[in-house]
Amino acid sequence: MGDMLYKEPAEKYEDSFGNENIVTVQKTLLQLHSGTHLPHLLIMADFEVVLNGWGPIEADLNGNGGEVLTRLFKEHPDTQTLFPKFAGIAPGDLAGNADVAAHGATVLKKLGELLKAKGGHAAILKPLATSHAKIHKIAINNFHLITEVIVQLMAEKGMLDVAGQDAMREVMGLVIDDMEAYYKELGFQG
């Protein structure tokens, strides 16, 4: 299976002659015969917007990674139990924990690779989906949770404006949809 593509929902418009046309474009998987996928132009623009704000994240992967996981664990305490080595860390001790920061850096580094692939992420995402389904057993909803934490952090730090936040949600929606498709292919009901 290759990468998937998000298309915009159905919409109506009038052409230059005043005729109403209905464009039915649904959320679908688009696979070209070459085995590669071409992201929709709007999604490509979203990738560019997100990547324009991504530099400060990469400049401090440990600091930002620690903040992301600390917030995730504090806002959604059940997620901390998904990381056995962090399960016993008290909420007040998360922020300065070197192991939490290091794992957060790993998460953000991998996310950076996915973002830079601009939708052509099968080679990166499939092994990630496989390990998260078969080994770690991470339900797909947790990726939506961490996405919101990352969006909030980037917004608070001035890395994404409102349009950038929407772009990040769109891009991550594409990545998460693709991961979910891999989960299904693996028989994981995450």
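Please keep in mind that the model is predicted.

**Overall build**

- The protein has 190 residues, and 39% of them count as buried.
- Its accessible surface comes to about 10100 Å². Carbon and sulfur atoms account for 56% of that surface.
- Take the contacts between residues at least 6 apart in sequence: 70% of these join residues at least 24 apart.

**The largest pocket**

- The volume of the largest pocket is about 680 Å³. It is lined by 28 residues, and the closest to its centre are Phe83, His103, Val107, His132 and Phe143.
- Several helices share in this lining: helix 2 (61-75), helix 3, helix 4, helix 5 (141-156) and helix 6 each give two or more residues to it.
- Helix 3 provides the largest share of the lining, with 6 residues.
- Sorted by class, the lining holds 19 nonpolar, 7 polar and 2 charged residues.

- Side chains of opposite charge can pair when their charged atoms come close. In the whole structure, a search finds 8 salt bridges.
- One of them joins Glu48 and Lys118, with the closest N and O atoms 2.4 Å apart. This pair links distant parts of the chain, as its two residues lie 70 residues apart. Glu48 sits in helix 1 (residues 41-59), while Lys118 belongs to the loop between helix 3 (98-116) and helix 4 (122-134).
- How exposed are the two partners? Glu48 is partly exposed, with a relative accessible area of 34%, and Lys118 also counts as partly exposed, at 27% relative accessibility.
- Another salt bridge brings together the side chains of Glu58 and Lys116, at 2.7 Å from N to O. Here too, distant parts of the chain are linked: Glu58 is in helix 1 and Lys116 in helix 3, 58 residues apart.
- Glu58 has a relative accessible area of 33%, so it is partly exposed. Lys116, with a value of 48%, is partly exposed as well.

- Arg169 and Asp166 meet through their side chains in a salt bridge, with 3.6 Å from N to O.
- Where do these two residues lie relative to each other? Both are in helix 6 (residues 162-186), and because they are 3 residues apart there, about one helical turn separates them.
- Arg169 is partly exposed, with a relative accessible area of 32%. Asp166 is partly exposed too, and its relative accessible area is 43%.
- Which residues make up the network of salt bridges here? Glu148, Asp166 and Arg169 are linked in it.

**To take away**

- Helix 1 carries both Glu48, the partner of Lys118, and Glu58, the partner of Lys116.
- Helix 3 holds Lys116 and gives the largest share of the lining of the largest pocket.
- Helix 6 contains Arg169 and Asp166, and helix 6 is also among the elements that give two or more residues to the pocket lining.

Methods. Residues numbered from 1 in each chain as written. Predicted model: local features only at pLDDT ≥ 70, side-chain atom pairs only at ≥ 80, totals over all residues. Heavy atoms only, no water. Salt bridge = Lys/Arg side-chain N within 4 Å of Asp/Glu carboxyl O. Helix = DSSP H or I, 4+ residues; strand = E, 2+ residues; numbered from the N terminus. Buried < 20%, exposed > 50% of the residue type's maximum accessible area, 1.4 Å probe, protein only. Contact = heavy atoms within 4.5 Å. Areas by Shrake-Rupley, 256 points an atom, 1.4 Å probe, with all protein chains shown as cover. 1 Å grid on protein atoms, 1.4 Å probe; cavity = no way out; pocket = protein on both sides within 12 Å on 5 of 7 lines; lining within 4 Å. Points joined across faces, edges and corners; volume = space filled by probe spheres on them. Nonpolar A, V, L, I, M, F, W, Y, C, P; charged D, E, K, R; others polar.
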